[in-house]
Each structure stands twice: as C-alpha cells, then as structure tokens.
Amino acid sequence: MIFENSSAFALKLDQEDELKDFRNRFFIPTKDGKAVIYFNGNSLGLQPKTAEKYINQELKDWAELAGQGHFKAKNPWVSYHKLLQKPLADLTGASENEVTAMNSLTTNLHLLMVSFYRPDKKKYKIIMENGAFSSDQYAVETQVKFHGFDPQEAIIELAPNKDKNLLATEEIIEAIESNKEEVALILLGGVNFYTGQAFDLEKISAAGHKAGAIVGFDLAHAIGNIKLELHKWDIDFAVWCSYKYLNSGPGGVGGAFVHEKFAKDNSMPRFGGWWGYLEEERFKMEKGFKPMEGVAGWQLSNVPIISLAVQRASLDIFEEAGMDNILQKGKQLTGYLEFLLKQTQDVSPCFDIITPSDPSQRGCQLSLYFKKNAEEIYQRLIEHGVSVDMRRPNVIRVTPVPLYNTFQEVFHFSKRFDSIIKSLSF
Ligand SMILES: *Cc1c(COP(=O)(O)O)cnc(C)c1O
C-alpha cells in the first residue's frame, strides 16, 4: 500500500477498515475528557465492555447457587476453563487439548521447565535471549541453580547484533549448532519485549530438535499479536500471559501449550495437583496421581472464574473479529506508523526504529531508540494525551493495536510526536 501523510488519507483508511466497529467494544481511557491515544496495549490491553456482563453472570450464579454453581451454573465452573480452549487453540495454531488457561506466566514457565528442562552432566545448557524480560531471567537462573548448575556457565545468552539490536535467525541457529553437545533447552520469546522482533519459531524449533534439545517459547508479546502455528512448527511447549494483547485485565490468568506428542507421556516428571488429575476420577480423591491427557495434566488448581470470565469476554471478541483480519489490519496500522515516523526521521534523525522493518519479523509494536531526550519526549507525549511505554533509559515502545486503535490515531500521534521532536534540541 502507498501511504500518504494526511488526515484525509487516515480517515479514508478508517472508513474502509472492516474491523473499525470493534473499537466500540472497549473502554478507551481519557485525559481531560478526551480519548487518550492508547498505544500501550502491549503492556496492558483495554477492558472489553462485555467484561462486566461476563463477570456478573458468575457473580449472579454464585449468589444464587453458591456451591451448586460448580455444576449448575450457566457455565459450570468445574469446566469453565474449557470454554477458553477453542479460542486459545485458534490463536496459537494448536488443537484444543494442547492449550489451557491456568496460573500466571512465570508460574507456568516454572511448571513446564520442571518437565521440559531435564539437564544431565553432559546436556544442561539453556539458550536464551540476552536482556530477556527480568522474570524469565530469574526463572531460568533459579531453575538452573535448582538442578545444581552454575547459571554463568549453564545459560547461553544470545546478544543481539551490535548495530542492529536484532538477532538474525542464522545467528540463533549457529549458536544452537555450535552448542549442540551441551544444550538441553532453547527458550526464547516469540516476540522480544524490548525490540519488538518476532522470531522465526519454526526454524528455531527445527534447529533445536536437530541438536537434541527441547524448544519452548514465552509468548507474552506474541499471542494475539503475530501468527502462531505451534503445533505445526513442532514447538514443545509455550507459556503466555493474557493481560497484554489478550485484554484479560491486570493479573489475568496465563496460559500454556504442550505439544500433542507429549499428551500421553506419563513418564515425564511433573508437579501435580487435583485439576490435572484424570477428570472422571478426580472427585474420588484417591491416592496416586494420574494425569489427564494433554496440557490439562499440568493443571494444578481449580481456576479463578471471575478472572477467566474477563478473558472469555475478550477471546469471544477475537473469535468474532478473526485473527487473520486482525493481523492484516495490524500490518497496515504499524506500516502506517512506520511510514509517518520515517518522515519525521528524515528531517530530525534523532532516533532509530530498532524493530525490524520487515513486517514478517514484527507484530504491531515499534521500539524507538533515542540517544538522548527519551524521558523528556515520553513525558511530553503523556501531557499531550498519548499513552506509550517507556523502557528506561532510551527506548519508547509505540504499539497501535488493530482491535481498537485507528489510522487517525496513528496520524495524530505522529503530528504530536513530530512537533515534540522539532521543539527539542538534539
Ligand atoms: C509481561 C511479561 C512477563 C510477566 O510475567 P507474569 O508472570 O505475568 O507477571 C514475563 N515475561 C515476559 C517476556 C513478559 O513480557
């Protein structure tokens, strides 16, 4: 598409946008009575207006049925999480028994590492990104120590290419091959939270398996944001949180994927709980853990229904809009943002867009790197009714989300950004 730097053009794109009505399904935050340009959905997604209705249904059933609600509620609580399996399977390219909503992201990472990180003296290393999200670093560091290894030695961090900030697929594959004797686990983000780079999960998976390693992904910034085919790509396991692109509210229930090839493997070590126990016999409460087939066998506890109700409200919107449509609009929206930012850059080259320019290597986030003034720019954007995300000291992440952001917002953002940049001396 040929973009134009004009308000009329942005308006035209909005009018032609088949998803335009979905914005009305969400509460848009305001400042001084005006809608904020909310480009922060990668951090916390907006609230679906239907969330209240979904929650109220459960509150009502709780009030009227109390304990009976487990089996008699409109959506019986004992199986409530199953209502999320289809939409989650659609978003991740999985079959329904490969995905579940449970716990939170870091908890799920630990749980699945218990099963999938099985180091021995020879093969014990983990390959991950340098500068991965802190929680992932802590999870990996403490798992490695738990098994009696030295994190310094056991964790191989892939440092992004110096001038480009990115990790080329070939570099990742090279690192896997050159450590093939020792590597036990490849654990990367599907989309790097800082640079916004989307990795080639399929190629990494193939290279990891060739090296005899397990391949897992943290999809915090990938689910609801990029195309995923976890089953087809033969990913062993994956985990995610739901409050970013999945709009499930602060602290929303996380999720996990375990590939079908492990569905019946009861020999895998794991930490069990009653919600992972064979469903038909769960309430007999007998001794001896028998896991359910598939990822369900990793569930521990009965699920937080109120929180899952919000996730269901949001996932129903994803189902209705269709992920392919969302992705298509996302490419245009972010492409338009990039186009406009580059026009500012042509006049004031004071920042770099460190996210790949290739649309197949990113989702909707663009990360802007400033050598100076980042904090000042960030504060001024907030004053001007723009919500973006600051990664101190130098990076501002700008994320137009296709489900609820518009081309006109991208246009207005770029005008505000442009005037802030031009008013500062670099
Ligand atoms: C958001 C995010 C987290 C947050 O972890 P929680 O367990 O949900 O608090 C962890 N890892 C990555 C990569 C993230 O982007």
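This is a predicted model: local features need pLDDT of at least 70, side-chain atom pairs count only at pLDDT 80 or more; totals for chains, interfaces and linings use all residues.
## Ground rules

Local features need pLDDT of at least 70 and side-chain atom pairs count only at pLDDT 80 or more, while totals for chains, interfaces and linings use all residues. Residues are numbered from 1 along each chain as its sequence is written, and side-chain values use heavy atoms, leaving out hydrogens and water.

Start with helix 1, residues 7-16 (helices are DSSP runs of H or I, at least four residues, and strands are runs of E, at least two, numbered from the N terminus). Phe9, Ala10, Leu13 and Asp14 are buried here (buried is under 20% relative accessible area, exposed over 50%, partly exposed in between, with a 1.4 Å probe and protein chains only). They sit on the same side of helix 1 because they cover an arc of only 140 degrees around the axis, taken from the directions from the helix axis to the C-beta atoms.

Those buried residues pack against helix 11 (323-347) and helix 13 (407-423), with contact meaning heavy atoms within 4.5 Å.

Asp32 lies in the loop between strand 1 (30-31) and strand 2 (34-35) and is exposed at 72% relative accessibility. Asn247, in the loop between strand 9 (237-240) and strand 10 (255-258), is buried at 1%.

There's also a cis peptide bond between Arg392 and Pro393, with omega about 5 degrees. Pro393 belongs to the loop between strand 14 (389-391) and strand 15 (395-398).
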